[in-house]
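Reader: I am new to reading protein models. Please pick one part and take me through it closely.

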Amino acid sequence: MNIYPDEDRSFVRFTDERIPNHEWLLRLPEYGYSNKIVKGVQWDVVEEGSHLRFSWQPPEGEAEEIGIEYETEITAVADEMEFTVKRTNISSSKWTDREVGSLFCLMSRDAPSFHDIDGVRSYALKDEIFQSVNQLVDSRFAHHRMCVFPVRTSPDAEPDNPCERLMAKISIDAEWVLGIATDIAGWLSCNQQPKTSCIHSNPRWGEVEPGGEATARGKIYLVEDIDILKSRYESDFKA
């Protein structure tokens with residue numbers, strides 16, 4: 001993989017020489033606060049194509065209202081990308097599992113082999129089996145084609161929290177598998193439209209006191225077999 005900053009936003013573009021003419025977009029986060037995209041990011045290119053960092057603070061005079069600072073680090077090695085996202089509470093109030101900015105979005109808009117409007121090649125891992133989005137929604141999509149699935153946050157979680165923290169897509173030719181997982185994911189989501197064609201592994205940040213921090217760690221995988229993906233995921237997040 002080769003990774004690049006996306007202008008001054010909290011987004012990372014990446015390519016892979018094994019799959020020409022494809023580009024993906026990882027949004028960390030998709031929305032940073034009040035459903036707004038984080039702009040004005042200060043990128044540090046530690047190593048061209050493989051190691052990036054960014055930091056972000058609210059505009060002057062808006063720190064209390066926005067209440068969030070971000071520090072993110074992304075590294076790419078071979079067929080994996082690893083990221084950490086740290087959010088600091090700079091407000092005077094405690095966060096209570098704050099939802100704002102919790103979408104970690106992996107978009108395949110410019111990777112046409114991974115478009116999947118019917119959700120038959122997009123998967124969540126449920127009860128040790130990859131089940132397609134189409135199966136999970138019984139082929140019934142809302143008009144916006146956005147789907148949401150709760151995550152099993154502990155081994156003894158109730159049946160209404162059925163999925164692991166991993167989402168995946170298989171290419172049209174079935175030669176490649178794309179995956180995203182986050183260690184503190186509380187829910188998965190996806191959008192089955194060509195203009196987005198995205199999968200999400202979304203963190204739940206928990207309660208954070210003023211001045212406190214919460215960190216999410218995640219991985220992107222681009223491998224040749226869905227069993228390889230499952231094995232990598234289990235090694236990275238369940239060992």
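Author: Start with a term. Contact here means heavy atoms within 4.5 Å. The model is predicted.

Now take the open sheet. It has nine strands, in the order β4-β5-β6-β7-β18-β14-β13-β10-β11. The pairing is antiparallel. In general, strands of a sheet pair through backbone hydrogen bonds, either parallel or antiparallel. The edge strands are β4 and β11, and each pairs on one side only. On average, neighbouring strands of this sheet are turned by 20 degrees against each other, direction ignored.

Strand β4 covers residues 42-47, and β5 covers residues 51-56. Five bridges join these two antiparallel strands. Trp 43 stands opposite Phe 54 in β5. Three residues lie between the strands of this hairpin. There, Gly 49 takes a positive phi near 85 degrees.

Move on to β6, residues 68-77. Six bridges pair β6 with β5, again in the antiparallel sense. Find Ser 55: its bridge partner in β6 is Glu 71. The loop between β6 and β7 holds Ala 78. Phi of Ala 78 is positive, near 55 degrees. Most residues other than glycine have a negative phi. Ala 78 is exposed, with a relative accessible area of 60%.

Strand β10, residues 122-126, pairs with β11 over four bridges in the antiparallel sense. Tyr 123 stands opposite Ser 132 in β11. A helix packs on the sheet: α3, residues 226-237. Helix α3 touches β7, β10, β11, β13, β14 and β18. Its direction makes about 155 degrees with that of β18.

Next, look at the nonpolar cores. The largest has 49 residues. Phe 14, Trp 24, Leu 26, Ile 74, Leu 106 and Ile 220 touch the most other members. Zoom in on Leu 106. Leave aside its neighbours within four places in sequence. Leu 106 is then in contact with residues including Phe 14, Trp 24, Leu 26 and Ile 220. Its other contacts include Leu 178, Gly 179, Ile 180, Cys 198 and His 200. Another core lies apart from the largest one. That core has 14 residues, among them Tyr 123, Ile 170, Ala 181 and Tyr 233.

Key: Residues numbered from 1 in each chain as written. Predicted model: local features only at pLDDT ≥ 70, side-chain atom pairs only at ≥ 80, totals over all residues. Heavy atoms only, no water. Core = buried A, V, L, I, M, F, W, Y, C linked by side-chain atoms within 4.5 Å. Buried < 20%, exposed > 50% of the residue type's maximum accessible area, 1.4 Å probe, protein only. Pairing = 2+ DSSP bridges. Axes fitted to C-alpha atoms, helices over the stretch in contact; angles between N-to-C directions.
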